[in-house]
Each structure stands twice: as structure tokens, then as C-alpha cells.
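Here is a short briefing for a first look at this structure. Keep the sequence and the 3D view open as you read.

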Amino acid sequence: MADFWKKSVVYQIYPKSFKDSNNDGIGDLRGIIEKLDYLQELGVDIIWLNPVYASPQADNGYDISDYFSIYPPFGTLDDMKQLLQESHRRGIKVMMDLVVNHTSDEHIWFKESRKSRDNPYRDFYIWRDARGYDDNRKPIPPNNWGSFFSGSAWEWDENTEQFYLHLFSKNQPDLNWENDLVRRKIYDMMNWWMQMGVDGWRIDTCNLYSKQTAFLDFPSRDGEKYVISPMYARGPRIHEFLREMNREVFSRYDCVTVGEAPFTTAEEAIIYTAPGERKLNMIFTFEHMEIDSAPGSMNGKWDIAKLNLPRLKKVFEKWQKTLYKKGWNSLYWNNHDQPRIVSRWGDDGQYRVKSAKMLACILHLMQGTPFIYQGEEIGMTNCRYNLEDYNDIEIHNAYREIVQEQKTMTHDEFMEAVHKKGRDNARTPFQWDDSENAGFSSARPWLKVNPRYKEINAEKDRKSPDSIYYWYQKLIRLRKEMEIITEGDFNLLFPDDEDIFAYMRTFEDERLIVVGNFSGKTREIELDGQLDVYEILLKNYDERLSISNRITVKPWEVFALYRG
Ligand code: ISL
Ligand code: CA
């Protein structure tokens, strides 16, 4: 069915942490198969699997060493085929993660590439001479480009005496997309998976492939040695490449595509997602996820600012309005790179359930395709571990750079930031029940279980009709039943209010008003219009809600009013 993804809800699975079927402490494909009924009952249409390919796991699978096989602890190709079959049998589609900006340094292409300057695979990656040598005869990188995971984006190779480019860790060398053969091999690989029955792709860093091939320095601020620049996403050939990928792969199947696109504005999103562009169905924006970072800080994402709600609302308004009838939005609060939303912008203490519902409702009643990240549907929270209990390469690299080398944060300040923003907050094992290791595994899990599992788990939620789980189930169902959710336009109400996020959707004669309180305060608001003709579609407080023009909004309350 054309555009099926417009009425779909996607559920993101982090395979390593979802369900361990053979009790080795690592989640796996069979574990996912075991839990498909759970997902079917929730009502999701599509699952997206984080990378399951063979990988040394320097970056948890975003470093792929073989695109045609499965990481053995996750299972085999047969397990994958069975997962596809079992999902399809339940009406669930499966998206894979496509990581082709870079490979692992253990991929055969790179192993060949680094052997010699005239190896046939040399040009599969990006090799450059040193700019010169410093006083200690150490080679100086070709330019000041920075890696997303700290330090220079260039790594020196002793053997062939050149640098290779890696926008992420040094174990993730960037592929050379200027090379036609590289692109051909990527499309062949994608078609191979599509033939197997994969229904679509989440495309990792889809806008970074095309490099500024002059490799000039980026403008830098005082004291800034290596620069991570939006120029990474402005490569001259990026739109050509994505259109080619569409022609060579997507256009041949009825599939769904979402590109992860850091640095992208809403206007640019049209160029990626407008149907006439023949590139992607939608992208993941980062703009709303950057609201609580202090701009221009030396410590990147680790300098955390308080949520500025008017700014957050403005960002959503902009994306909703700009893409309306032109492109398409994805909607997300969470993924494997972001902290848990209920801890981030909700209240993960007294009001955990109420605020989780409020956040869900505000997001799911906008236009776009919502993505639920595993555990979000039961209100899983951030964790607070010691440094050595974290696995994430981003955390450890940043610690070395910021605390040990730069010394721009103390140990305690950095750990506080990790508790708030670290990626491992999202990656702790799924909390299935209150038994040991939260029912994830009977062995010690690869990453510690969040100690709150006795209070927060799926079994508990599924026993209570009033739970976050059933709230999500309802939101998913409403999206299918109500045209206004997928098609209506969007108008922000009270844009300057610092606590209330409210908007109105309009579709023909229908109206939908959504009001959410992003604070623990009780607030009064004034709504215009004839409110007595509205019915209550959703509310997260039991007490009667009397609809009038003056409404009292309780702490973390949310309600949706509908007029047919
Ligand atoms: O936020 C960013 C830029 O604003 C960066 O976080 C970057 O876009 C993002 O980290 C890219 O993430 C994806 O690719 C990485 C991997 O570690 C992440 O898990 C994945 O989601 C490298 O493949
Ligand atoms: Ca396992």
C-alpha cells in the first residue's frame, strides 16, 4: 500500500538489550521473536532493529565488519529470516539499520585498503597525506575536522604513512562515496536484504556521505582544536547520492525509509522528504533534541541547559508547518542515542506515570510517523552508574578528552551530565518483570539493569488498565482511526507559556485540541471558542474534567479534546 508509513507507528528495538533467549547476557533475534506478541498487542506496525550485522561492537554494531551476516551472539541468518516471517505473520514490518557512511576497521575492504597505497581497495576509504610534521616528528592531520566521538577525525596509519578519515571512532573509517564501485556494492547489498523480505531502512547519518573534497579547515573558535561542523551535512553530492539510492533500491519495493539527518533544518527536510524528490520518506531531525544543550560550549552535548519550553514548542511548530503537505515528519522523544524522556523533560519521581503519558500524547497527536523506543511504553527511566559501569564509547572518549585532557569539567560534573544525557541511559536491559535481571536474562546482562525494575516493568504495566503501556496502545489505535491526526494542520496555542504545551489540529470541520502541562505546577488557562461541543478524547487524571473556556491544568496533566 502506498504511503502505509503515514498511518504507521514504529517501535525501535535495541537487540542487545531487548530479550536474551539463551541466557548469555546479550539480547538476541530469538528473544525478539519471543516478544512479537507483546508488540502486536501494543499495536505497532513496524519494528526498526538497530544494527544486527557482524561487528566487533566498538560502537555497538554501528561498526559493521560484514553486511551479509549476523553478529553471532544475536543469532544467524536463519534466525533473521524467521524473525521476518514471524513478524510478517503478525502484520508487522521490519526495518533494518543501514550504516554505510563508514564500516568497521575490521571489514575486509578496510583491511585490504590499509595494506598498501596501491591496493585495489585503497580508494574505498578516504586517505590523505599529513599536512606536515610537528616538533616531535608527529604527523599533523590534513585538516582540523573533528570526530563526533572526540579528537581529530583523522587517524594516522603507520604502515602506509597516510591518514584515514573517520567522522566517528577510529574503528569506523568513512567510506569513499566518490567511488562508483563503493556505491554499487552498497546498493547490491541493500537489494540482497530487500529480496530476503526486509521492509525498509533506518539510514544512519544519511546526510554525511558526500564530503567537501577540498578538505579545507573549518572555521574554528578560540582554543578549539578540532571542529565538528554542520558542513559535514552540506556535501555537494549528498542529494544526488540519495536519489541514486532511491532509484537503485527503494523505488523497486514498497518500502519505508527514514534517514537520520543531523544539522538539518525544516526547509532542508523538504528537499529530503518531498515525494517529488524521490529520496526518503522522512528524516530524523535533531533540532528538538538540542534544546537543552548550552550553545557553543567546549563540552559539546555535556553542557546541559534547562529545558526552555517556548523554544521547544517553536521548533515543533516550525517542523509541523514547514513540512505540511510538502514532506513528512518523523516524531520521536527517544532512541538509543538519547536519554529517557520521562527523566529528561518529565518527572521520573512522583509524577512518572502522569508525565510519561503527557509527553506521549503531545508527541503522538502531531503530524508524522511516531517512533517508540523500547521501554518508553512503560516509562523506563535514566540510570545513575559509576563511570566503569558504562559501556558507551562516546562516554569514555568524552571523559578522556573533557575531564582528563582539556580539564573543562570535573569528574563529578561530567558524571552528573552522563546521568542526564549519556546514551547508555537508553541502553539498559528491557524491564520485563520484577524477577532477577528484570526478566531480561538469567545471566549477568552486558550492561547493568536499571535498579528501578521492580517498580517499573512490562508485566506490571500490563496488569493495570491505567498504565503507560495501555495509554500508548490507545494512542496507536487513535492514529489509525482518526484522519485528523495524520492529515490535520497544526496551530500552536500559547506559544510563550513556559509550562503549557498546547496546540490545535484542524481537518475540514474537525478540531482537535491538545493541552499538556510540562510542569508540576497547577495552572489556569483560557481557551477560545465554543468548547461545550467538544468531547474528551484522552485525559491522564481520573477526576472529572469540565470543559469550559477557563480550565485548571493540574501537574503534568494532559488532555485532548475533539470536535467531530
Ligand atoms: O548528534 C549528532 C550530531 O548532532 C551526532 O550524535 C550524530 O549524528 C549521531 O551520533 C549519529 O548517530 C548514529 O551514528 C553513530 C552511532 O554511534 C549512533 O548510535 C547512531 O545513531 C555512528 O554510526
Ligand atoms: Ca543471548
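Ala, Val, Leu, Ile, Met, Phe, Trp, Tyr, Cys and Pro count here as nonpolar, Asp, Glu, Lys and Arg as charged, and the others, Gly among them, as polar. By that scheme, the shell around ligand 1 has eight charged, six nonpolar and four polar residues. The model is predicted.

- The shell around ligand 1 holds 18 residues.
- Asp59, His102, Asp204, His336 and Asp337 come nearest to ligand 1.
- Domain 1 (1–95 + 329–383 + 428–481) and domain 3 (180–327) each supply at least three residues to this shell.

**Polar contacts to ligand 1**

- Asp204 places a polar side-chain atom 2.8 Å from an oxygen atom of ligand 1.
- For His336, a polar side-chain atom sits 2.9 Å from an oxygen atom of ligand 1.
- Arg423 also has a polar side-chain atom by an oxygen atom of ligand 1, at 3.0 Å.
- Ligand 1 taken alone exposes 500 Å², and the protein buries 90% of that.

**The calcium ion (ligand 2)**

- Which protein atoms are the donors of the calcium ion? They are Asp20 (OD), Asn22 (OD1), Asp24 (OD), Ile26 (O) and Asp28 (OD).
- These donors lie 2.2 to 2.4 Å from the calcium ion.
- Along the chain, the donors follow the spacing D-x1-N-x1-D-x1-I-x1-D.
- Is Asp20 buried or exposed? Asp20 counts as buried, because its relative accessibility is 2%, and the cut-off for buried is under 20%.
- Asn22, another of the donors, is partly exposed, with a relative accessible area of 48%.

**Cysteines**

- How many disulfides does a search of the whole structure find? The search finds zero.
- A disulfide needs the two sulfur atoms within 2.5 Å.
- Cys255 is likewise in no disulfide, and its nearest cysteine sulfur is that of Cys206, 14 Å away.
- Cys206 is buried, with a relative accessible area of 0%.
- Cys255 also counts as buried, at 9% relative accessibility.

Technical notes
Residues are numbered from 1 along each chain as its sequence is written. Chains are lettered from A and ligands numbered from 1 in the order in which they are written. This is a predicted model: local features need pLDDT of at least 70, side-chain atom pairs count only at pLDDT 80 or more; totals for chains, interfaces and linings use all residues. Side-chain values use heavy atoms; hydrogens and water are left out. Buried means under 20% relative accessible area, exposed over 50%, partly exposed in between (1.4 Å probe, protein chains only). A residue is near a molecule or strand if one of its heavy atoms lies within 4 Å of it. A polar contact is a pair of N or O atoms within 3.5 Å; within protein, one must be able to donate a hydrogen and the other to accept it, and residues adjacent in sequence count only if both atoms are side-chain atoms. Accessible areas come from the Shrake-Rupley method with a 1.4 Å probe; for residues, only the protein chains shown count as cover. Domain bounds come from an automatic or database domain assignment. Donors are N, O and S atoms within 2.8 Å of the metal (3.2 Å for Na, K and Ca); water is not among the atoms, so sites may look incomplete.
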